[in-house]
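Welcome! Take a moment to look over the sequence and the structure, and then we can walk through some of the details together.

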Amino acid sequence: MDDLPRLTAEQTAERLGVKLETLYAYVARGRLTRERTADGSTFDPLEVERFAATRRRRATLGPAHSEGRPLMVIETRFALIEDGELSYRARPVADLAHEPFETVAHWALTGEWTDPIRFAPGAGLEAARTAASALPASAGDRDRQLVAVTALAASDPLRTSLDPAVVATAAERIVAGMVEVLPQRTMAPDSEAAGTAALPPLAARLASHLSPAPLSPADHALLNASLVLLLDHDIAVSTLAARAAASARATPYGVVVAGLGALDSPLHGNASRAAHRLLARVVEGDDPARTVADAVLTTQGPVPGFGQPLYPDGDPRARILLGMLAAEPRHACVSAAVAAVSAVLADRTGALPNVDLALGALTLATGMRDDAGEVLFATARTVGWMVHALDEYRERPLRLRPVGRYVGP
């Protein structure tokens, strides 16, 4: 452990979000240790991360919601986080994770449990593919999904309708279009068969766009479970953006674009990419402690894939997905990397795996690119945004328009 890279005082203060004076006050009180060198003080990155995790846990003991007003509390009717567990309409996600994603999504949107059900993209798919194909070579799959939503909107004559049945249908078409617009990487299921009953499950169709090789039934089940578990989760930043758009009576397509914009963040929808890379290093033979230390040094933030303030005892979504992954002997090397990194964090910081680590492990084990977790997140959460939009459309228009307080010169 002695050869791990160390943080400078400036890096440590930035990681903790404090001034240098405050950092040295922590040292003086014995809450952090430092080593003096000819170039200045240095700090153990894992000790700093443990201290940061302790400060985050203390912060969660206060008010559960932001002090910003009038957005202090937003009532929700779908997802509930209570006693360390996540439920959808009083049904534990552990029970729903093995149900078909489209069945759960349709139930979320309409209240009707229909199985089997398939989502079809509708008439705007070719326009969406044309728009996506015009993007530069540097474009990622999330970029293709974003332009697909706009193209699908332009092709929908009912795009401005806020009738709940029309909105639910639009949501299902958007999700299907966001999948079908992606480049094909393995043999495609018959995604354009006549009639939705002939379509393969969405998870299987998505796998053909994300995985470089055909996946096993167990991996399809893992992919499906990830979609179910990511469908909704309290008022996340992207959900707030989607609800604010719905408050202004944006179309369903506009709501999704707003959500996608907020989701495109290393602290939210893109967090699994860094977790994927961290685990890949360990799988390739790098020392887990060194890899974690490098992550702290590089990100100047929480170790990717660990910590979730809403779940002090661990993220149940991660437990479900990592448990399914560990049950597959073919993925033993990735599961071993997860266990090794988790042991380092548990010993040095107490932080536990979150769903981003599970997504990173899933995408690594199935040979997907490191940004595939972002696509899974965006595809699933699109349904959650529309569930929130349906709720918001019932409320007073523009109620989520906050009032600014001028503090300039």
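**A walk through the model**

Asp-234 counts as partly exposed because its relative accessibility is 27%; here buried means under 20% relative accessible area, exposed over 50%, and partly exposed in between, with a 1.4 Å probe and protein chains only. This is a predicted model, in which local features need pLDDT of at least 70, side-chain atom pairs count only at pLDDT 80 or more, and totals for chains, interfaces and linings use all residues. Residues are numbered from 1 along each chain as its sequence is written, and side-chain values use heavy atoms, leaving out hydrogens and water.

You can find Asp-234 in the loop between helix H10 (217–229) and helix H11 (237–247). Helices (H or I, at least four residues) and strands (E, at least two) are DSSP runs, numbered from the N terminus. Although Asp-234 is not a glycine, it has a positive phi of about 55 degrees.

Arg-89, also not a glycine, has a positive phi of about 45 degrees. Arg-89 lies in the loop between E5 and E6, and with 33% relative accessibility it counts as partly exposed.

Now to the strands around that loop. An open sheet is formed by three strands in the order E4-E5-E6, with antiparallel pairing. Strand E4 (79–82) and strand E6 (91–92) are at the edges with a single partner strand each, so one side of each has no neighbour in the sheet. Two strands pair if DSSP finds at least two bridges between them; strand E5 (residues 85–88) and E6 have two, in the antiparallel sense. Ser-87 has Pro-92 in E6 as its bridge partner.

Finally, look at Pro-116, in the loop between helix H5 (101–110) and helix H6 (125–133). The peptide bond from Asp-115 to Pro-116 is cis, with omega near 5 degrees.
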